[in-house]
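Please keep the sequence and the model open while reading.

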Amino acid sequence: MTPTPTSDTTHAKDAKDAGSAGSAGNPAGDAPAASPAVLAAYGYCEAVTVQQARNFAFGIRLLPPSQRRAMSALYALARRVDDIGDGELDADTKTARLAGTRSLIARVRDGDVAEDDTDPVAVALADAARRYPVPLDAFDEVVDGVLMDVGERTYRTWDDLRDYCRCVAGAVGRLSLGVFGTRPGAPEAERAERYANTLGLALQLTNILRDLREDAAFGRSYLPYEELVAFGCVGAFRAATPPPGADLAGLVHHQARRARELFAEGYRLLPMLDRRSGACVAAMAGIYRKLLDRIEADPAAVLRGRVSVPAGHKALTVVRGLSGVDGLVVGRRVRRELRGSAG
C-alpha cells in the first residue's frame, strides 16, 4: 500500500486555525485557544496516552501544547481501534464496532462533531483536524488493518506482514506528519510521507518482536510464516524457553536487521521537521531502537516477559533528540548521498 496523500477532502469542514504556537509548516500558530469542553476532551486523550503508551507519551512531551494535544487525540482513536481488534469479542461484534469507528471518522471528516458530543475522543480529534492538515483517510487504513487482524491469525510472507504494518502503523506515521508538518523548503519534502510510513513500519516490527509471547497466548503470530518455518520457530513462543531445534536467536536477529533497515530510511524524515517535531520523532524512534538493541542482545528475553527500556535510558534518548544530533547525522548522510548520485 502506498502513502495516502493529504488533500482538502480529508480535513474537517470549515477548518480554522486554533491553539498555541505551532511549528513552521503547520497552520496552528495564530489560532484561538481551545474551549474548556475541548480541553477536557484533550485531557481524556492525554490520560489514555500516558496510561497506555509510555514510550509515545515520553516522546510527545517535547512538542508544544497544541501539537502534543493533537497527537494524544490521534493516539486515543488509534488505541480504540487496536483495542477492538485485541479484545475477546467475537469476530462479528468486532467487525460491527470497527464499522462504528469508521462512522465516527466520517463524522469528524464531515465536521459533524459538536463540542458537547459525549465522545471525548471524537471532540478532541475534530478539534485537531480543524487545527492541522491531518489526513483523516489514513484512519480508515488503520481500521482496514485491524479488520485484517480479525480475519487472519498469521501472515505468510514479509510482503503480507508489511501490508498489515502499513495499515496499522505506517498510517499512524502519516497522521502524525499532519501534525508535525515539514520545514518550508526542506529538501525532498515530497518524500516525507514515505519516510513517516517507513518509520511506522520500523516501530511496529519492533513491537511485534517485543510481544511474541503475549501474542502467542492469544493465538496470534505476526512474523512471516515462511520465516518461522525456516528458523524452526512455528509455535515456539508459547513457553518461557524455545523448544528444541528452534533457532529463536537467528529469527530475532533476522527481524532486527530488517527493522534497522527500516529505521535507517525512516530517519531521513528528521531533517525535514522543525526542531521540536524532529526532537519528538527522534526521541520516540530512539527509544524503540534501544528496545530493539535489548531484544537483539538477548533474544530469549522476549519469551520470559515484556522487554522494556529503563527510564534513565529514555531520558538520555530525549536529550539526544532535543540536541538535534540524530537529525544532523541523518542530514549529513542524506547530503552525501545526494552529492554521490549527482556525481
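## Isoleucine 60 in helix H2

Isoleucine 60 lies in helix H2, residues 54-60. Helices here are DSSP runs of H or I with at least four residues, strands are E runs of at least two, and both are numbered from the N terminus. Isoleucine 60 is buried, with a relative accessible area of 4%. Buried means under 20% relative accessible area, exposed means over 50%, and partly exposed is in between, with a 1.4 Å probe and protein chains only.

The C-alpha atoms of isoleucine 60 and methionine 71 are separated by 7.4 Å, and the two residues are 11 apart along the chain. Neighbours within four places in sequence aside, isoleucine 60 is in contact with Thr49, Arg68, Met71, Ser72, Cys280 and Met284. Contact means heavy atoms within 4.5 Å.

## Basis of the model

This is a predicted model; local features need pLDDT of at least 70, side-chain atom pairs count only at pLDDT 80 or more, and totals for chains, interfaces and linings use all residues. Residues are numbered from 1 along each chain as its sequence is written, and side-chain values use heavy atoms, with hydrogens and water left out.

## The chain as a whole

The chain has 15 helices and zero strands. It holds 343 residues, and buried residues make up 52% of them. Take the contacts in the chain with a separation of 6 or more: residues 24 or more positions apart account for 74% of these.

## Helix H3 against helix H7

Helix H3 covers residues 65-86 and helix H7 covers residues 158-180. Their axes come within 10 Å and cross at roughly 160°. Axes are lines fitted to C-alpha atoms, for helices over the stretch in contact, and angles run from 0 to 180 degrees between N-to-C directions. H3 and H7 are therefore roughly antiparallel. By the cut-offs, angles under 35 degrees count as roughly parallel, over 145 as roughly antiparallel, 65 to 115 as roughly perpendicular and the rest as oblique.

The crossing of H3 and H7 is right-handed. A crossing is left-handed if the near helix is turned anticlockwise from the far one by less than a right angle, and right-handed if clockwise. H3 supplies Gln67, Ala70, Met71, Leu74 and Ala78 to the contact, and H7 supplies Val172, Leu175, Ser176, Val179 and Phe180. Eight of these residues are nonpolar, two are polar and none is charged. Ala, Val, Leu, Ile, Met, Phe, Trp, Tyr, Cys and Pro count as nonpolar, Asp, Glu, Lys and Arg as charged, and the others, Gly among them, as polar.

## Helix H1 against helix H5

Helix H1 (residues 36-52) and helix H5 (residues 120-131) have axes that come within 8 Å and cross at roughly 110°. That makes H1 roughly perpendicular to H5. Val38, Ala41, Tyr42, Tyr44 and Cys45 of H1 meet Pro120, Val121, Val123, Ala124, Asp127, Ala128 and Arg131 of H5. The contact of H1 with H5 has 10 nonpolar residues, no polar ones and two charged.

## Helix H8 against helix H12

The axes of helix H8 (residues 192-210) and H12 come within 10 Å and cross at roughly 35°. This crossing of H8 and H12 is left-handed. On the H8 side are Leu199, Leu203, Thr206, Asn207, Leu209 and Arg210, which meet Val281, Ala285, Tyr288, Leu291, Leu292 and Ile295 of H12. Nine residues in the contact of H8 with H12 are nonpolar, two are polar and one is charged.

## Buried residues in and around the loops

Leucine 273 sits in the loop between helix H11 (248-266) and helix H12 (275-297). Leucine 273 counts as buried at 4% relative accessibility. Threonine 182 is 91 residues from leucine 273 in sequence, yet 4.7 Å away in space, C-alpha to C-alpha. Beyond neighbours within four places in sequence, leucine 273 is in contact with Leu177, Phe180, Gly181, Arg183, Gly278 and Val281.

Leucine 223 is in the loop between helix H9 (212-217) and H10. Its relative accessible area is 1%, so leucine 223 is buried. Glutamate 227 lies in helix H10, residues 225-230. Glutamate 227 is also buried, with a relative accessible area of 13%. Residues up to four places away not counted, glutamate 227 touches Trp158, Leu251, His254, Gln255 and Arg258.

## Cysteines

The model has zero disulfides, a disulfide being a pair of cysteine sulfur atoms within 2.5 Å. Cysteine 165 is in no disulfide; the nearest cysteine sulfur, that of cysteine 167, is 9.4 Å away. Cysteine 165 counts as buried at 1% relative accessibility. Cysteine 45 is buried at 0%.
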